[in-house]
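Reader: Hey, can you walk me through this one?

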Amino acid sequence: MKKIFSLFVICACAHVSLAQDFNKNLTEARSSYAAGNLSNSRFAMEQMLHTLDAAIGKDILKLLPTKMDALTANVKADNTTGTGTNGGLGLYVQRTYGSGAKTATVDIINNSPLITSLNALLSLPFIGRGGDGNQKVIKVQGYKAVLTKTENTDTKKLDYDLQVPLQNTLVTFKVTETQEAEVLRMANTIPLEKIAQMAQ
């Protein structure tokens, strides 16, 4: 009970801190704009977007499962940042699972040029399977995705990389030392539709 209360206090403080940063930058943007200092106003607005992206990232982390099969989420290593559209990127969210040789990682980014390229690739009717048989197009929860298989040259075990573009958001799911059926079973526990709605 004490841990739950402490977690609630930490979350509340983080929310208050984000709100304070947002309001401070909003005030700065308005005053700079009124004073004709457009450069400062733009910078303050970029900081506001950064704060919003980071807050959205924290909400997305709440949607991700805390366990995938036997792999437990490394919640303390959760990573979420917002770039405020600097460098063409928006939010970035990462959660890892497991601590041994077998691990899983969920990466979520939006507004990346990579998403446009991947969507263009998936729209081609003749793309379905790579020439070497290690890549194929599949559907996960109704979304087209690219599944790539890689063999570890030392252990001969397989790693899988699943990329699911959701409009302007890309969900990348990586699992080491696994099989295709297991990757797809785990991927179906990721709430893709809700992530797509929140990350837009």
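This is a predicted model: local features need pLDDT of at least 70, side-chain atom pairs count only at pLDDT 80 or more; totals for chains, interfaces and linings use all residues.

Reader: Ok! Which residues touch the most other members of the largest nonpolar core?

Author: V106, I108, L162 and F173, out of 32 residues in that core. A nonpolar core is a set of buried Ala, Val, Leu, Ile, Met, Phe, Trp, Tyr and Cys residues joined through side-chain atoms within 4.5 Å. Buried means under 20% relative accessible area, exposed over 50%, partly exposed in between (1.4 Å probe, protein chains only).

Reader: And which strand gives the most to this core?

Author: Strand 8 (residues 158-166), with five residues. Strands are DSSP runs (E, at least two residues) and helices are too (H or I, at least four), numbered from the N terminus. There's also a second, separate core of six residues, including I109 and V146.

Reader: New topic: is T105 buried or exposed?

Author: T105 is buried, at 17% relative accessible area. T105 is found in strand 5 (residues 104-110).

Reader: Now loops. Where does D69 lie?

Author: D69 is in the loop between strand 1 (67-68) and strand 2 (71-72). Its phi is near 50°, a positive value in a residue other than glycine. D69 is partly exposed, at 38%.

Reader: And what about phi of E177?

Author: Phi of E177 is near 50°, and E177 lies in the loop between strand 9 (169-175) and helix 4 (180-187).

Definitions and conventions: Residues are numbered from 1 along each chain as its sequence is written. Side-chain values use heavy atoms; hydrogens and water are left out.
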